[in-house]
Amino acid sequence: MVEINPPRLPGMLHTRLKGRWRRVLITDNPFKQVRVSPYAFAARITHDVPEVRPTVVCSTRDRNILAIESEVRGALGNGVDSFLVVQGDMLPEVEHWSNSYEIVEHLRALQEAIGPDRFEVGMSTRSRQWMFQRRIDVGGQFFTTGPVMDPASVRPMAERLQLAEAPPVYLELTPPVSPQWVKRIEGVGGMQIGDELRSLLEAIPNAGRRALGWRIAKAIAGEARAAGFAGIVIMGLLFETAIEEAYEVWHDPAVTPWRPGEDG
């Protein structure tokens with residue numbers, strides 16, 4: 001799955017997904033940038049690019065329970081059947097009118113009212129087992145965790161979450177394309193990278209960092225499969241990057257996963 005941002009203004013941008021990714025995660029106004037509603041954007045995808053299955057991020061930020069449930073009901077009527085409930089941005093500071101646990105409870109009740117197989121409700125979680133278990137108990141049916149930028153972070157995270165006995169968990173990853181990008185992701189809650197990888201990114205020339213970042217991302221994906229994650233979510237990309245560079249690199253067998261000890 002790849003994370004994409006809706007456009008700033010209505011248009012036909014979504015049609016560029018045709019022939020690209022089959023699963024997309026649609027963000028909800030990240031970092032207070034006003035964009036097209038993710039529910040409306042997902043609806044256009046289901047109508048115009050039906051081979052693509054969207055998952056909509058349901059952010060509790062700036063909305064109450066009625067507003068979120070109303071958006072979900074409208075999306076269901078347009079063929080959207082997957083929703084990921086998150087708390088939303090913490091920094092910069094924004095209003096949080098709703099509680100993510102309450103939203104999941106409401107959406108699971110809606111499932112019972114219209115049919116359990118009509119849609120799925122997921123939650124984001126940190127890699128802490130107590131938090132993960134609490135979100136399982138409240139009714140989450142699938143989960144996302146991360147993001148990670150270092151393959152060495154994957155197996156310890158899987159062990160903490162005890163994946164063997166859990167619902168499906170998708171690992172978020174973002175390619176560490178520069179020391180500046182790594183610092184930014186770590187600053188908003190991403191997993192810290194190890195000293196070996198940090199030193200490598202700082203030492204390698206600028207021209208080689210992006211290619212190395214993608215090779216590291218592929219290594220993370222391989223570790224995620226081996227550790228028992230249900231899949232991955234590639235995140236933190238511009239829409240253009242997601243549908244062009246990311247798609248081409250991810251499906252290019254010549255771009256091989258990075259291995260620890262390599263100099264890039």
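This is a predicted model: local features need pLDDT of at least 70, side-chain atom pairs count only at pLDDT 80 or more; totals for chains, interfaces and linings use all residues.
View 1. Local features need pLDDT of at least 70, side-chain atom pairs count only at pLDDT 80 or more, and totals for chains, interfaces and linings use all residues. Residues are numbered from 1 along each chain as its sequence is written, and side-chain values use heavy atoms, with hydrogens and water left out.

**View 2. Overall fold.** The protein has nine helices and eight strands, where helices (H or I, at least four residues) and strands (E, at least two) are DSSP runs numbered from the N terminus. Its radius of gyration is 18 Å, close to the 18 Å that the globule rule gives for 264 residues, so the protein is as compact as a globular protein of that length. The radius is taken over C-alpha atoms, and the rule is 2.2 Å times the number of residues to the power 0.38. Along the principal axes, the C-alpha atoms fill a box of roughly 55 × 40 × 35 Å.

**View 3. Burial in the protein.** Of the 264 residues, 52% count as buried, meaning under 20% relative accessible area with a 1.4 Å probe, protein chains only (exposed is over 50%, partly exposed in between).

**View 4. The loop at Thr125.** Thr125 lies in the loop between β5 (120–124) and α4 (129–138). Its relative accessibility is 4%, so Thr125 counts as buried. Leaving aside neighbours within four places in sequence, Thr125 is in contact with Met131, Phe132, Arg135, Phe143, Thr144, Thr145 and Gly146.

Notes: Contact means heavy atoms within 4.5 Å.
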